[in-house]
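Open the model in your viewer and keep the selection panel at hand. We will go from strands to core to surface.

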Amino acid sequence: MEVSDVRKRVKDTIERAKRAMADRRALVDEATREYALFLERIATPMFRQVANVLRAEGHLFTVSTPGSSVRLTPDRSSSDFIELALETSGRQPQVVIHSSRSRGRRVTESEMPIGAGAVRDLTEEDVLSAVLKELELMVER
């Protein structure tokens with residue numbers, strides 16, 4: 001194979017990689033802006049509603065907003081939580097729900113994306129369904 005052909009293909013690969021990285025940065029920036037609005041308008045208010053209902057039912061939970069996430073923590077155990085955050089390390093930015101439950105020394109963690117599309121497409125129902133699925137495991141004890 002000619003050196004000039006190899007050089008051309010390597011240069012093309014480098015250019016494609018640069019374009020892909022620029023596109024990814026733009027995608028992450030857009031998702032971050034959308035997520036900030038989503039967190040303020042949908043996720044945090046829904047977490048607060050869930051905490052209020054739980055409190056009325058005798059389950060004491062606290063809502064906090066560490067960094068760019070919202071977290072629901074039972075007052076009886078600060079190591080247990082349900083947290084919603086934007087995950088940007090994958091191929092596509094996505095909102096994930098992360099939970100941690102401990103029983104004795106055993107800690108069970110799970111993380112899964114919510115919704116099927118972009119951040120702007122997520123609804124209150126998506127958030128509520130994801131929280132309730134994780135909450136079921138915490139209040140069953």
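The stops below each start with something to select.

This is a predicted model: local features need pLDDT of at least 70, side-chain atom pairs count only at pLDDT 80 or more, and totals for chains, interfaces and linings use all residues. Numbering starts from 1 along each chain as its sequence is written, and side-chain values use heavy atoms, with hydrogens and water left out.

**Stop 1: the strands**

Select β2, residues 69–74. Helices (H or I, at least four residues) and strands (E, at least two) are DSSP runs, numbered from the N terminus. In β2, 5 of the 6 residues are buried, so the strand is largely enclosed by the rest of the structure. Buried means under 20% relative accessible area, exposed over 50%, partly exposed in between (1.4 Å probe, protein chains only).

Strands pair if DSSP finds at least two bridges between them. Phe61 has Pro74 as its bridge partner in β2. The β1–β2 hairpin has 4 residues between its strands, and Gly67 in the turn has a positive phi of about 60°.

The β2–β3 hairpin has 6 residues between its strands.

**Stop 2: the core**

Which residues touch the most other members of the largest nonpolar core? Select Phe38, Phe47, Leu72, Leu84, Val95 and Ile114, out of 27 residues. Such a core is a set of buried Ala, Val, Leu, Ile, Met, Phe, Trp, Tyr and Cys residues joined through side-chain atoms within 4.5 Å. Helix α1 gives the most to this core, with 10 residues.

Center on Leu72. Its contacts (heavy atoms within 4.5 Å) include Phe47, Val50, Phe81 and Val131.

**Stop 3: salt bridges**

A salt bridge is a side-chain nitrogen of Lys or Arg within 4 Å of a carboxyl oxygen of Asp or Glu. The count comes to 7 salt bridges.

Select Arg120 and Glu34, a salt bridge at 2.5 Å, N to O. Arg120 lies in the loop between β5 (106–113) and α2 and Glu34 in helix α1, so the pair ties together parts 86 residues apart in sequence. Arg120 is exposed at 54% relative accessible area; Glu34 is buried at 18%.

Finish with Arg71 and Glu83, a salt bridge at 3.1 Å, N to O. Arg71 is in strand β2 and Glu83 in strand β3. Arg71 is partly exposed at 23%, while Glu83 is buried at 13%.

Terms used:
Lists of a residue's contacts leave out its neighbours within four places in sequence.
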